[in-house]
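Here is a short report on a protein model. It covers a helix, the cores and a strand residue.

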Amino acid sequence: AAAAASAAGDGAANKAALAEEKNEELLDAAQYLQMRKNALAKMELAGVPTYPHKFNVSMSIPEFVSQFSSLEKGACAEQQVVSVAGRLYSKRASGAKLVFYDLKADGAKIQVMSDVRRFEGGVDAYMAAHAQVRRGDLVGVTGVPGRSNTGELSILPTSLMLLSSCLHMLPKRNLKDPETRARQRYLDLMLNERVRDTFVTRAKAIQYLRRFLDERGFLEVETPMMNSQPGGATAKPFITRHNELNLDMYMRIAPELYLKMLVVGGLDRVYEIGRNFRNEGIDLTHNPEFTACEFYAAYWDYNDLMDLTETLLAGMVRELTGSYVLRYHPDGRDSERVLELDFTPPFRRVSMVAALEEKLGDAVPRDLASDEANKALVALCAKHNVECKPPLTTARLLDKLVGEFLEVDCVNPTFICDHPEIMSPLAKSHRSLPGMTERFELFVCGRELCNAYTELNNPMVQRERFTRSAQDAAGGDDEAMVTDEDFCTALEYGLPPTAGWGLGIDRLIMFLTNNNSIKEVLLFPAMRPRDTA
């Protein structure tokens with residue numbers, strides 16, 4: 001009779017605790033936070049560790065799923081005691097002495113099926129352990145593997161330890177607000193499984209790229225992030241201050257010039273994967289800091305690079321997705337419009353100026369360095385309603401026309417080739433097209449993915465190109481290149497015939513993961529401070 005009364009009392013107490021937890025859902029955010037802090041304070045007064053230093057994990061949850069997925073309904077592996085840890089995503093009771101949780105970690109989930117009859121320390125320990133934890137808490141569980149009668153792979157605990165409390169009430173549905181998701185990426189990762197998958201794919205793509213280059217004899221190197229002058233690309237730089245040198249420094253916009261200096265030094269194949277910084281706008285495809293891969297190979301030209309680009313991207317897409325064709329929603333994954341992007345080689349190739357003339361139905365001047373050519377391009381932009389903001393340099397005018405008439409047609413991977421010299425100060429002149437260079441850009445779905453060329457290695461011509469670009473800079477083009485005398489000096493020691501290539505990794509991941517915004521493929525994208533947002 002006494003035992004029955006005790007059991008009844010325990011059951012009533014457990015039901016009361018569960019009812020109290022249910023009422024906690026009615027608290028506002030501040031009240032819930034204070035309630036959790038008060039609960040931790042009581043635990044500390046009772047001598048219960050609230051943030052223990054260590055919990056011995058014997059296997060991860062993915063390993064648990066892999067090893068015990070063959071268990072049948074109602075079975076358990078009594079002789080195999082394991083310890084796992086993860087975050088609790090649901091808590092539900094079945095009577096007074098059986099509590100269920102969903103426990104997740106590393107992209108996998110199991111059920112915790114806690115029965116008081118298995119719990120070490122009896123009813124008191126059981127009730128105390130379960131009273132301490134809430135949705136979102138990190139816990140360590142020791143017990144035996146099993147499968148419930150409904151088929152859920154489970155761990156049947158003998159003990160459960162609170163490892164770290166989630167003091168805020170987790171949303172019960174997937175997080176939708178883009179602002180919150182970007183600012184609190186940790187919360188986004190907790191609640192949206194697809195987000196985790198995106199960044200797993202990102203890591204796999206970079207691993208594939210690195211392995212691809214390593215297998216072809218490339219050496220991975222690191223070059224400076226800060227430079228005394230900007231160079232290597234046409235873009236507006238960020239400026240920082242070096243106190244010891246009392247000198248303004250520029251965050252790198254590209255590692256190109258340093259990498260070519262290494263080729264001069266005898267490192268015939270080099271590459272770098274890292275961050276670049278460009279002080280430009282933020283939109284669906286641009287972030288001020290972004291990840292790129294650049295490589296340089298002696299004794300190659302831009303034809304070799306086109307062949308390699310096809311092999312690299314087609315192989316990567318197939319390995320990561322199982323097909324050469326990507327289904328992509330350019331207006332967002334919830335939109336109706338879907339494109340099939342076919343990476344089956346070979347990719348389409350078009351020569352820039354010839355293709356532009358065909359689209360415009362007008363001739364493009366060939367002497368692009370002349371004032372007459374500039375005036376003709378201004379007239380072409382006006383005729384075809386193409387807006388180009390000042391300064392109206394010839395390079396900017398051409399870029400706007402190409403963007404309006406050629407890039408938009410590049411849905412499947414397409415090489416736009418043979419850029420004019422005036423747009424390509426670091427590229428080698430074309431062997432058969434006067435005034436053009438051996439350069440290409442790869443476009444997919446209208447977005448630039450790669451930029452590559454046969455490298456200009458004549459130091460005298462390079463100085464001339466820098467001088468011409470510096471004139472654009474003096475005219476107000478803050479994206480134009482300036483003369484880099486150290487690089488020109490390096491060329492005077494002899495750069496072998498070389499080809500160079502750059503890939504925007506963030507944009508590639510957008511296609512691989514069906515995301516139309518670059519923020520979705522960056523763990524922590526650039527955001528305005530909250531007080532000015």
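## Helix α7

What should the 22 residues of helix α7 (residues 193–214) span at 1.5 Å a residue? They should span 32 Å, and the end C-alpha atoms are 32 Å apart, which agrees. The expected span is 1.5 Å times one less than the number of residues. Helices here are DSSP runs (H or I, at least four residues), and strands are DSSP runs too (E, at least two), numbered from the N terminus.

Buried residues in α7 include Val-195, Phe-199, Arg-202, Ile-206, Leu-209 and Leu-213. Buried means under 20% relative accessible area (1.4 Å probe, protein chains only).

## Basis of the model

The model is predicted: local features need pLDDT of at least 70, side-chain atom pairs count only at pLDDT 80 or more, and totals for chains, interfaces and linings use all residues. Residues are numbered from 1 along each chain as its sequence is written, and side-chain values use heavy atoms, leaving out hydrogens and water.

## Nonpolar cores

The largest nonpolar core has 48 residues. Such a core is a set of buried Ala, Val, Leu, Ile, Met, Phe, Trp, Tyr and Cys residues joined through side-chain atoms within 4.5 Å. Leu-209, Phe-295, Leu-341, Phe-440 and Trp-501 have the most contacts inside it. Helix α9 (residues 302–321) gives the largest share, 8 residues.

A second, separate core of 30 residues includes Leu-40, Met-127, Ala-129 and Val-133.

## Leu-103

Leu-103 lies in strand β2 (residues 98–105). Its relative accessible area is 0%, so Leu-103 is buried. Beyond four places in sequence, its contacts (heavy atoms within 4.5 Å) include Ile-61, Val-84, Leu-88, Ile-110 and Val-141.

How values were computed:
Buried < 20%, exposed > 50% of the residue type's maximum accessible area, 1.4 Å probe, protein only.
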